[in-house]
Amino acid sequence: MRISVDPEQCYGSGDCVHRAPSVFTKVGGLGAVIPGREHDLDLPRVREAVEGCPAAAITVTRED
Ligand code: SF4
């Protein structure tokens, strides 16, 4: 499973960074996954960030 942020949907609210600062950051004013943390979905705060994104811009995709 891989976490990603769709820059077309994100509007830079920063909620994801606030909820899970070990995984999300802001780049150019938009939310982004910190390189190397794309697979840290097990952390409860990350799930909160995915579910709580007001723009539904964070997606989790299978990689198999
Ligand atoms: S919570 Fe969603 S809209 Fe806000 S910065 Fe993160 S990805 Fe973008």
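**Predicted fold, salt bridges and selected residues**

A56 is located in the loop that connects helix 2 (44-52) to strand 4; helices (H or I, at least four residues) and strands (E, at least two) are DSSP runs, numbered from the N terminus. Although A56 is not a glycine, its phi is positive, at about 50°. With a relative accessibility of 52%, A56 counts as exposed; the classes are buried (under 20% relative accessible area), exposed (over 50%) and partly exposed in between, with a 1.4 Å probe and protein chains only.

The model is predicted, and local features need pLDDT of at least 70, side-chain atom pairs count only at pLDDT 80 or more, and totals for chains, interfaces and linings use all residues. Residues are numbered from 1 along each chain as its sequence is written, and side-chain values use heavy atoms, with hydrogens and water left out.

The protein chain contains 2 helices and 4 strands, arranged along the sequence in the pattern β-α-β-β-α-β. Its C-alpha atoms occupy a box of roughly 30 × 20 × 20 Å along the principal axes. Of the 64 residues in the protein chain, 33% are buried. Contacts (heavy atoms within 4.5 Å) were examined between residues at least 6 apart in sequence, and 57% of these join residues at least 24 apart.

The protein chain carries 7 positive and 10 negative side chains, and the centres of the two sets are 4 Å apart. Lys and Arg count as positive and Asp and Glu as negative, whereas His and the chain ends are not counted; each charge is placed at NZ of Lys, CZ of Arg, CG of Asp or CD of Glu. The structure holds 2 salt bridges, a salt bridge being a side-chain nitrogen of Lys or Arg within 4 Å of a carboxyl oxygen of Asp or Glu. One of them joins R19 and D15, with an N to O distance of 3.9 Å. R19 and D15 are separated by about one helical turn, because they lie 4 residues apart in helix 1 (residues 15-19). R19 is partly exposed, at 26% relative accessible area, and D15 is also partly exposed, at 27%. A salt bridge is also formed between D40 and R37, whose closest N and O atoms are 2.5 Å apart. R37 is partly exposed, with a relative accessible area of 29%.

P21 lies in the loop between helix 1 and strand 2 (24-27). With residues up to four places away in sequence not counted, P21 touches C16, I34 and R45. P21 and R45 are 24 residues apart along the chain, and their C-alpha atoms are separated by 9.0 Å.

E63 belongs to the segment after strand 4 (58-61) and is partly exposed, with a relative accessible area of 44%. Apart from neighbours within four places in sequence, E63 contacts M1, R2 and H39. The C-alpha atoms of E63 and R2 are separated by 6.9 Å, while the two residues are 61 residues apart along the chain.
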